[in-house]
Amino acid sequence: MIPPIANRFVAGESPARALEHVRRLNDRNIAGIVNLLGEHYTARPPVRSDAAEYRALVRDIANSHLEACISVKPSQLGLDLGEDVFRETLADVVEVAADHGVFVWIDMEDHTTTDATLEAYEDLARAHAGGVGVCVQANLKRTREDVERLADVPGKVRFVKGAYDEPADIAYRDTDRIDREYEALLEYAFEHYGGGIAVGSHDPEMIEHAIDCHETHGTDFELQMLMGVREDAQDDLAAEYPVYQYVPYGDRWKSYFYRRMTERTANVRFALRAVLDR
Ligand code: FAD
């Protein structure tokens, strides 16, 4: 069971709990992006098992008529075992998801995985137009070129600042520089993409900038935030724009929870309050 200190950020250990959470989100006019927690598998059994769980999950999402998609991590689907394992496993999940009309996001991990992730995305997005999306990170210096290249791919792109500690020769490390880069990437996408833009940020300035770009260019977009972060803002924004909440679940919740704790002291306060208010 997920302890109260963590259940603000993680929906539960079972897919049923995650889908119950999505149902409550849908009642608030917010869609769910369901993620089974797991990464960096170096053996095949957990890769096979998580892929099977995703295939069952997309069937459950479709059968329960929820507004939800899924998000998978490349190293969860076998990238550490080889690009061929990853591509084959991801393709199986995307195939079943496409059959059930459920969208698949591919999360982006550290820079050593970027090429393999983008290449797999491009092939699958062309095979299942409108059914697959990928995340790009503003902190990586290569991302401007990637974003230009992805303009013609029939999928969606989620823009984030980047969660991984990357080396200075390939990444911006100054937060103001990353913010300006993020804004520039949004400007490019709103001007050159036909839609399919996802703004994955809690930052009021970045969200404001996306709304300005939308008003200037008229390009469709969606906002994406994490479960437990700025929930009030999610409700306010959902009155005007499509809002998706990233909903992690599963028994490997500890490392995800500790990451949320270490990135912001406010999150520690929220988590402690959840325990103290019981
Ligand atoms: P920050 O730069 O962390 O903060 C800027 C401002 O936002 C703050 O000053 C504050 O005003 C507001 N804010 C931020 N957090 C809080 C909070 N907890 N409470 C209140 N206000 C807050 N990264 C990857 O590398 N790969 C991925 O695949 C990926 N997928 C993601 C998917 C989603 C849906 C989201 C939301 C993020 C994802 N990320 C991913 C993480 C992302 O890269 C950032 O690390 C993370 O979102 C923090 O950056 P930020 O833009 O939200 O705001």
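Predicted model: local features only at pLDDT ≥ 70, side-chain atom pairs only at ≥ 80, totals over all residues.
**Barrel.** I began with the strands. Eight of them close into a barrel, in the order β1-β2-β3-β4-β5-β6-β7-β8, and the pairing is parallel. On average, neighbouring strands of this sheet are turned by 30° against each other, direction ignored. I then looked up one pair in detail. Strand β1 (residues 31–36) runs parallel to strand β2 (residues 68–72), and three bridges join them. For G32 I found A68 as the bridge partner in β2.

**Helices on the strands.** Next I checked two helices that lie across strands. Helix α1 (residues 15–27) lies across β1, β2 and β8 (243–249), and runs at about 160° to β8. Helix α8 (residues 231–238) lies across β7 and β8, at about 145° to β8.

**A helix pair.** I looked up α3 (residues 83–99) and α4 (residues 114–127): their axes come within 11 Å and cross at roughly 35°. The crossing of α3 and α4 is right-handed. On the α3 side, the contact is made by E83, F86, R87, L90, A91 and V94, and on the α4 side by A116, A120 and L124. I noted seven nonpolar, no polar and two charged residues in the contact of α3 with α4.

**Ligand.** Last, I listed the surroundings of the ligand. There are 24 residues around it, of which D107, V160, A163, S201 and Q224 come nearest. By class, the shell has twelve nonpolar, seven polar and five charged residues. At least two shell residues each come from β4 (132–137), α7 (204–217), β7 (221–226) and α10 (265–276). I recorded β7 as giving the most, with three residues.

Notes: Residues numbered from 1 in each chain as written. Near = placed C-beta within 6 Å. Helix = DSSP H or I, 4+ residues; strand = E, 2+ residues; numbered from the N terminus. Nonpolar A, V, L, I, M, F, W, Y, C, P; charged D, E, K, R; others polar. Axes fitted to C-alpha atoms, helices over the stretch in contact; angles between N-to-C directions. Left-handed = near helix turned anticlockwise from the far one by under 90°. Contact = placed C-beta atoms within 7 Å. Pairing = 2+ DSSP bridges.
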